[in-house]
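Trainee: I would like to learn how to read a model of this kind, one feature at a time. Could you take me through it?

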Amino acid sequence: MIRYSIRRLLYALPILLGINLATFVLFFVVNSPDDMARAQLGDKRVSEEAVERWKSERGYDLPLLLDSSAAGVQRVTHTILFQRSLTLFSFRFGSSDSGRDIGEDIRTRMWPSLAVALPTLLIGVTVNVLVALGVVSVRGSLLDRGTLVAMVALMSISALFLIIGAQYLFAIVLRWVPVSGYADGLSAARFVALPVAVGVVSGLGGGVRWYRNLFLEEVGKDYVRTARAKGLRERVVFLRHLLPNGLIPILTGIVVVLPTLFMGSLITESFFAIPGLGSYTIDALRNQDFAIVRAMVFLGSVLYMLGLLLTDLCYALVDPRIRLD
Amino acid sequence: MQERKVRRLEDPFAWLAAFAALALCGCAERPWNDPNIEFDPAGSTLFQTFSERPKHLDPLSAYSEDEAVFVAQIYEPPLQYAFLERPFRLEPLTLASMPEVRYEAADGTLLPPDAAPEAIAFTRYRFALKPGILFQPHPAFSRDADGGLLHHDLAPGVVASLASPWGLPSPGTRELVSADYVYQVKRLAHPRLHSPVQGLMANYIVGLGELADRLRAEHPEDTYIDLRGYSLDGARAIDDHHFEILIRGVYPQFLYWLAMPFFAPMPWEAEAFHAQSGMQERNLTLDWWPVGTGPYMLLENNPNRRMVLARNPNFRGEPFPARIAPELASGELKEAEGKSMPFIDRAVFVLEKEAIPTWHKFLQGYYDIAGIPRDSFEQVVSYGVDGSAALSAELTEHGVELLTAVEPSSIYLGFNMRDPLVGGLDERARKLRQAIAIALDTEEFISIFRNGRGTPAFGPIPPGIEGHSEGVGGINPVTHRVVDGRIQRRPIEDALTLMREAGYGDGIDPATGRALVLGFDTVAGGPDSQPVLDWHRKKLARIGIDLVIRATDYNRFQEKMRTGNAQIFQWGWNADYPDPENFLFLLHGPQSKVDGGGENAANYANPEFDALFERFRVMQPSPERAALVARMVELVRTDSPWVWGWHPVSYSLHHAWFRHAVPHPVARNSLKYRDIDGPVRTSSQRAWNQPRLWPVLAALAVLAVLAFWLARRRAAPPANAIRPVDGQRA
């Protein structure tokens with residue numbers, strides 16, 4: 001398993017390089033270093049000299065991909081791509097183009113993101129599993145079909161509608177929770193309650209349908225029939241036998257998203273004023289802050305690949321039939 | 001055993017009890033939906049929002065509104081605007097009196113105050129500081145028993161553990177001295193600080209450009225520069241309370257710059273403190289942690305969530321102004337006269353990116369002031385027959401008050417004067433531009449797209465600034481006329497006549513024999529902008545012009561403007577200071593965007609206008625100067641390099657407990673004048689936000705019925721159970 005992990009990590013390097021290159025090219029197709037300088041320096045009274053100086057200080061006055069005037073290895077190293085992108089592999093994110101330390105910003109902003117994303121995931125999975133088990137237990141009935149229709153309807157409602165509707169109902173009409181905001185420590189609970197609830201509900205449709213299918217597949221298997229033949233009550237059959245086996249694909253599905261929970265959610269964080277990482281990248285794109293964009297894309301890619309690796313490892317751990325060679 | 005645990009989880013009564021307990025736990029003194037739980041609403045704390053995080057809090061770099069709202073409360077330049085006087089007037093802030101101005105000839109001879117501008121080689125401003133002004137508490141000033149600076153050699157571990165400067169013990173202070181102002185002037189030359197006014201000031205302050213060149217040469221790397229070791233001919237401390245600034249020639253508007261944070265004092269200790277190793281990695285830079293003498297200091301700096309200003313305990317106090325313009329006078333302001341400012345202890349600025357949550361929180365009383373969301377405008381504001389704005393009954397019942405103010409800004413549609421079709425000063429192009437100016441009905445535009453939040457412009461200078469005239473005397477005769485004493489836009493027939501005279505009868509371009517095609521360069525390409533763009537097309541179609549929308553992204557648009565490839569474009573300018581020079585320079589030929597990289601976006605160049613401007617720019621306000629302004633305005637009205645769009649009118653709302661709500665369109669240090677009635681706010685918040693519990697009670701009732709039904713169902717034998725027959729055991 002260790003050899004497998006090392007091999008997968010090595011495979012990740014060229015992928016990360018490719019992602020870095022793609023981010024770099026896409027960013028600089030739309031923005032030029034001049035644009036970036038002007039975005040940072042403002043609209044009023046910006047002189048050409050100030051723009052040139054800004055670029056020079058941050059290394060944006062170098063050639064983008066290849067320095068044909070340099071010799072040897074400097075043809076590659078004396079470029080914006082090398083100096084501003086490839087250094088990320090040492091996980092030194094440096095300063096944003098507006099002068100703030102990116103690492104510090106990420107460390108500060110990931111906790112509010114987690115405060116929303118983690119409960120949303122855990123509660124969401126629990127609710128999805130329970131509802132899915134419930135409808136599987138009455139499969140084929142009117143309740144099952146009605147639930148399926150409700151879930152499809154739920155999938156059709158946009159998250160934005162749910163957010164605005166929930167804010168209106170719970171914060172304005174019923175006045176149970178704040179419309180938006182955030183606080184540190186335990187006080188955060190009253191602020192994240194609504195975004196978590198919205199997150200759970202918005203994921204309910206897809207989640208229940210998927211888990212229902214998984215449980216339906218399991219419910220017809222021999223071990224379930226054996227458990228019933230032993231005279232166990234249906235509830236025990238579901239919770240002690242069906243659930244643990246059905247959870248294998250569910251757990252691996254969770255593991256793959258676990259690392260990316262740090263990255264937050266754009267719409268939720270924006271509407272609920274959660275100071276997380278969700279809007280960090282979008283703000284950076286709007287402000288043409290390439291330093292943040294490249295750091296966040298790199299971090300997101302690393303975390304996603306880490307999630308995929310953990311998923312594979314989890315499969316091997318929970319399912320003895322799978323071996324990682 | 002396992003089965004029993006499972007059953008307990010399924011017990012509906014356990015869930016009901018847990019839910020009820022949770023609901024009861026929530027019963028507290030404060031409303032459940034209060035988002036400001038970390039602050040006491042009864043206290044003297046202001047709650048408001050910001051939508052864009054500031055990029056800089058260093059007074060040298062901060063220039064935008066998003067930054068000024070913080071910086072202007074913390075730093076104190078030498079001058080400020082008399083907040084309650086109109087017209088706008090400068091007065092001393094940290095100075096004992098207004099600066100003494102001396103004119104000197106090239107050989108240093110003192111010239112009389114009425115000397116001809118061309119004879120004046122230098123202007124020397126001499127400043128006398130009020131004694132006893134202290135900086136806010138800050139660890140940069142802390143000293144040990146031997147007088148050494150306590151926190152200027154921090155161990156890396158200490159810096160790494162800091163979240164803010166307030167993590168260090170024993171913050172100190174010291175008196176503001178003239179060297180702090182001189183130090184800030186030298187910082188204008190700092191090669192890494194990128195002050196937007198560096199280029200402008202280098203043209204005036206003697207030796208500033210040379211100092212910038214020297215610093216750039218001596219410090220090519222990003223290292224700390226102790227500017228005390230450098231002298232600057234144009235800024236000199238005479239003693240602790242007197243200093244002077246020497247500028248080339250005459251620049252009457254320089255005084256206005258002295259009321260802006262660019263000239264706020266900077267203690268060298270603060271710069272040295274924040275230059276320590278590891279501070280940048282913790283975002284503990286001078287750009288994020290200001291150190292000033294103003295009424296407030298930055299207590300919490302989290303631009304991703306909120307910024308908190310707290311009263312500076314070392315602030316000297318400043319009496320509330322006694323001189324109040326008659327149009328602003330009220331009992332509330334009269335009552336505050338002479339009282340020591342600031343009134344508010346703390347100001348909490350919360351980052352709100354979305355309009356809807358912000359608006360609802362304002363309605364719930366959790367923000368003290370707010371703007372009006374575009375989508376809700378018609379539900380909130382209605383106009384009377386006389387055009388006056390009034391709030392909806394619901395808001396009026398809540399005690400919400402509306403404040404409107406014409407902003408010192410001009411939004412206009414510009415013609416690229418270098419363009420062969422719409423540009424140039426010949427009769428054909430001038431008449432074409434005039435026809436377009438008539439056809440674009442600004443009044444209708446303001447009514448449809450701005451909800452009436454604007455006043456039509458008749459020239460480049462907005463209301464409240466010398467050179468702007470109200471009423472029939474101030475109209476632009478090219479686009480408007482007076483009929484029966486009322487101002488009216490000229491009829492479209494006048495525009496058609498001008499088109500004919502320009503050689504475009506019925507809008508036909510003689511070069512092509514088809515409709516004249518003009519390009520509107522804009523960044524507004526989204527669906528929201530479509531009605532606006534369609535409106536422009538329809539208006540110009542009335543005079544036969546086929547307007548082609550050339551939508552592009554912001555970067556390409558800026559590039560077009562810099563290279564002179566735009567034809568017609570929309571642009572705007574927000575005043576730096578209330579002087580006609582700050583608007584007329586936008587039409588000064590040498591400041592053309594294409595040729596000079598300046599702010600003359602239309603690239604307008606009229607030799608007569610330029611000559612008048614050169615004379616006007618060095619004159620003190622006087623009837624002669626006013627005549628020059630009038631002539632320049634007349635010239636640009638005739639040449640029409642802009643379609644004089646509108647001057648925005650800001651609409652802001654505040655609750656009844658927000659006091660001294662007087663707008664000042666130019667001054668940014670307004671927080672110290674405001675006041676809050678905390679107890680009124682607390683009672684209003686409670687009254688407006690009582691939680692509605694009936695849905696919980698209804699749900700509990702339904703659950704109880706359900707639980708009862710389930711319990712009954714369990715107790716009853718199933719309908720298909722085998723019943724024991726007589727004589728048999730079940």
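**Reading the strands, the confidence and the interface**

Mentor: Begin with one pair of residues: A128(B) has H242(B), in strand 8 of chain B, as its bridge partner. This is a predicted model, in which local features need pLDDT of at least 70 and side-chain atom pairs count only at pLDDT 80 or more, while totals for chains, interfaces and linings use all residues. Residues are numbered from 1 along each chain as its sequence is written, chains are lettered from A and ligands numbered from 1 in the order in which they are written, and side-chain values use heavy atoms, with hydrogens and water left out.

Trainee: Over how many bridges do strand 6 and strand 8 of chain B pair?

Mentor: Strands pair if DSSP finds at least two bridges between them, and strands (E, at least two residues) and helices (H or I, at least four) are DSSP runs numbered from the N terminus. Here strand 6 (residues 122-128) and strand 8 (residues 242-248) of chain B are antiparallel and share 7 bridges. They belong to an open sheet of 5 strands in chain B, ordered 5-4-6-8-7 with antiparallel pairing, whose edge strands, strand 5 (110-111) and strand 7 (235-239), each pair on one side only.

Trainee: Which helix lies across strand 7 and strand 8 of chain B?

Mentor: Angles run from 0 to 180 degrees between N-to-C directions, with axes fitted as lines to C-alpha atoms, for helices over the stretch in contact, and contact means heavy atoms within 4.5 Å. In this case helix 5 (residues 178-187) of chain B lies across both strands, running at about 175 degrees to strand 7.

Trainee: What is the mean pLDDT of chain B?

Mentor: pLDDT is the predictor's confidence in each residue, from 0 to 100. The mean for chain B is 92, and 94% of its residues reach 70 or more. Over residues 1-10 of chain B, however, the pLDDT is below 50, and it stays under 50 over residues 18-27 of chain B. Where pLDDT is low, the predicted coordinates should not be read in detail.

Trainee: How much area do chain B and chain A bury between them?

Mentor: Buried area is the accessible area (1.4 Å probe) that two parts lose on being put together, summed over both. For chain B and chain A this is about 5400 Å², 44% of it on carbon and sulfur atoms, and the contact takes 64 residues from chain B and 59 residues from chain A. A salt bridge requires a side-chain nitrogen of Lys or Arg within 4 Å of a carboxyl oxygen of Asp or Glu, and 8 are found across this interface. The side chains of K44(A) and D576(B) also meet in a salt bridge, at 3.0 Å from N to O.
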